[in-house]
Amino acid sequence: MQAEGYIHGITTHSDAALREELDIKYGRVKRREKKDVLGRDADELIALQAKLGFKRVSDGQLLWPDLFRPAYLLMEGVTIGSQTRWFDTNGFAFTPLLDGKLSTRSADLSPVLFREKIPSSSVPKVTLPGPVTLAAHTEGAEDWQSLIPEYAQHIALLSRELRKHGYRHIEYAEPSLLLPHAAPLAHEEGVVEACRAAYGHIVHGLDATTIIQLFFGNPNSIPPALLELPVSGFLLDLVEAPIADGTKLSLKGKILVAGAIDSRSSVPEDLGLAERRVQQAVKALHPREVHITTNGPLFYTISSEPSREKLREIAALAAKVAA
Amino acid sequence: MTRTIEVGSLPKLPGRASKLAGKPITPAEEEQLNEVLRLVPAQRLKLLVKEHLALVSKPGKPDASERQRLVELNSAFNIALLEEIGLDDVYDGEAHRSEMYAGIATQVSGLKQLSWQVSFMNADGDPNIFRPYMYEGKLGLRNGPVHDNELRYVLSKAQKAVKICVTGAYTMGTWTDPGVLLPRYRKERPTWTDAWQEAQAHLVDEFATRILNPTVKSVAGIQVGGKRAARIQIDEPNATKIRADDERAIEVLRKSIVSSIRGAKAEFGLHVCFSHDYAPIAKVCAAIPEIRFVTLEIANGDPGDLSNYEKALRPFMDAGYDGQLCIGAFAVHSNEIESAELIAKRASYAAELVGNSSRIELAPDCGLRTRVLPVAVWKLQEMVRAARLLDQRVVLPAKG
């Protein structure tokens, strides 16, 4: 089976860029040079992806301060909230704080993407926060589920605008659907139905590959109905656990994005184990295509140098699976 | 008397970083020093600043003895500064340490330093970064207990009670990449999360027994001129990642503290910050009778109705913790100066809530290293002034 590798989403900056960013932070270099610094970093990251044979290429979303802010700061009715732990990691994001009725002010993410740097021969790829995860992280909401349609409306507009800019592969990060571990949100009453409506709206008429990322949670806890949502495929966290024997889950006709490389550990991956898990998932879930990536973004969870090593491991695993 | 304490770090003395980089002190740094002397016009501070300025004004990078003197001057200055401001418990603003994690990790064998990692991007989109270490094998102390020399220096300079802070085993263990431990536990455990938690518990235990315990026992035993550290504060900022329903992690934290202080005699305390829910911490404090004080970040995000104070303190009362509550009297992540009157009101409310004003002490939310020195000084001055208002009972009703 063919398998291609690519970057999960928002990616950590190189050591060199981080050093320069500190100079900017402490006023030793002018702030306007930041985009140049990160532009050079994006050039290197894109060149590395080309070298590794990635067809779907991302700029690493290096201009994104976290997964949430660029998306929700284009909305009315919400402002920057408090610093919140990025799940069970040592990273923090600034989550949205509700201060009015949600609506889209702008859908243009181009100022925080280096779209022009992605070669025309590649498929530009980007990851957005999913509406459920945004809603679940919103402070000040009395009924978080009621925000899902409003965020979905916004994410749909962002997706259309991104498509206009040539992004043909859009992923939606939904770690909240499988967390917290004791009681995944996807099991709460009404959530799968809310997802069906939300993603039905997001992908309607959108000519792009669309993937829902389900990570940092056990794939065996996914309600089977969730995998029937009208998207091209799903990212499953195969680092967390292998797909159980006799699973009721199915990805027939869809893409399996195997989150099979560990985004939270710097030790070299056991590629034999990862390959077995991917093959097992393919056998159990019957996807039409397999893509390989990390089980989470290479951002808060890993240092800069090991993060680049993880990209090499993605390529190596994709080659093993394809062989 | 309402007791006032510091929590840990202060910004490095202006000019120190420039000198280490071989650059001259900047006019802005000199102005910061002058501003501090205007705020606290004590003769002993002026003398220390004079020597510091002479050292940092010399061209070129410092040699080894000059580097040592820079640290000592910074340490002596911070101790004197905190004493002159009027705090009851003092230390040296961690002048001997680079930061709380590296201050210990650099002294530990069995670890490998990794490249930069982002912990968050701030509101301006600028990175907050650190260099984590990765576990490679059995941990050990490279050169003996970690803080002995700095404590001896501080005890030789301090006139008031000394409270040393030590980064705790839970935070050290959970900020460190478990490295080879993870694949080992993945072979035994059904999920990555199980394996990760086991690997972290292993690492926390090694830090507690092999690094923290010898360090804590040693600092508890150090005497200079008949004087000892009156208090030992264990800093566990990462303990607030523990969810209230995560009994396993709560037990890992409790056990790590017990192992860290075993065999040491002192008044122990715990500092935690960045929490939305102090219930797990309260449970641990109540379960360890040796924990006699706790310092908590509370002012950060206070909506102005004192609800943060109730939210933070109530779990300690519910858990049956009976030690001192050093409330975060002011926020450390902004330059806004919260007035003495506001701080006193917060303390007064806390005392009402606990039903015993003698259990309430005033502390910053956390270390002050992210502020410029004049702002840190001004904030601390307001806190001390609040203590005096409380002592004189010149406090507005807590609510309203």
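Modeller: Happy to! A residue is called buried under 20% relative accessible area, exposed over 50% and partly exposed in between, with a 1.4 Å probe and protein chains only. This is a predicted model, where local features need pLDDT of at least 70, side-chain atom pairs count only at pLDDT 80 or more, and totals for chains, interfaces and linings use all residues. Residues are numbered from 1 along each chain as its sequence is written, chains are lettered from A and ligands numbered from 1 in the order written, and side-chain values use heavy atoms without hydrogens or water.

Let's take β5 of chain A, residues 123-129 (a strand is a DSSP run of E, at least two residues). Seven of its seven residues are buried. In a regular strand, side chains alternate between the two faces of the sheet. In β5(A), one side carries A:Val123, A:Lys125, A:Thr127 and A:Pro129, the other A:Pro124, A:Val126 and A:Leu128, and both are covered.

As for neighbours, strands pair if DSSP finds at least two bridges between them. β2(A), residues 56-57, runs parallel to β5(A) and is joined to it by two bridges; there, A:Val57 is partnered with A:Pro124. β6(A), residues 169-173, is also parallel to β5(A), over five bridges, and A:Leu128 has A:Tyr172 as its bridge partner.

Now the cysteines: counting sulfur pairs within 2.5 Å, there are zero disulfides over all chains. For B:Cys165, the nearest cysteine sulfur belongs to B:Cys366, 9.8 Å away. B:Cys165 is buried at 0% relative accessible area, and A:Cys195 is buried at 0% too.

Terms used: Helices (H or I, at least four residues) and strands (E, at least two) are DSSP runs, numbered from the N terminus.
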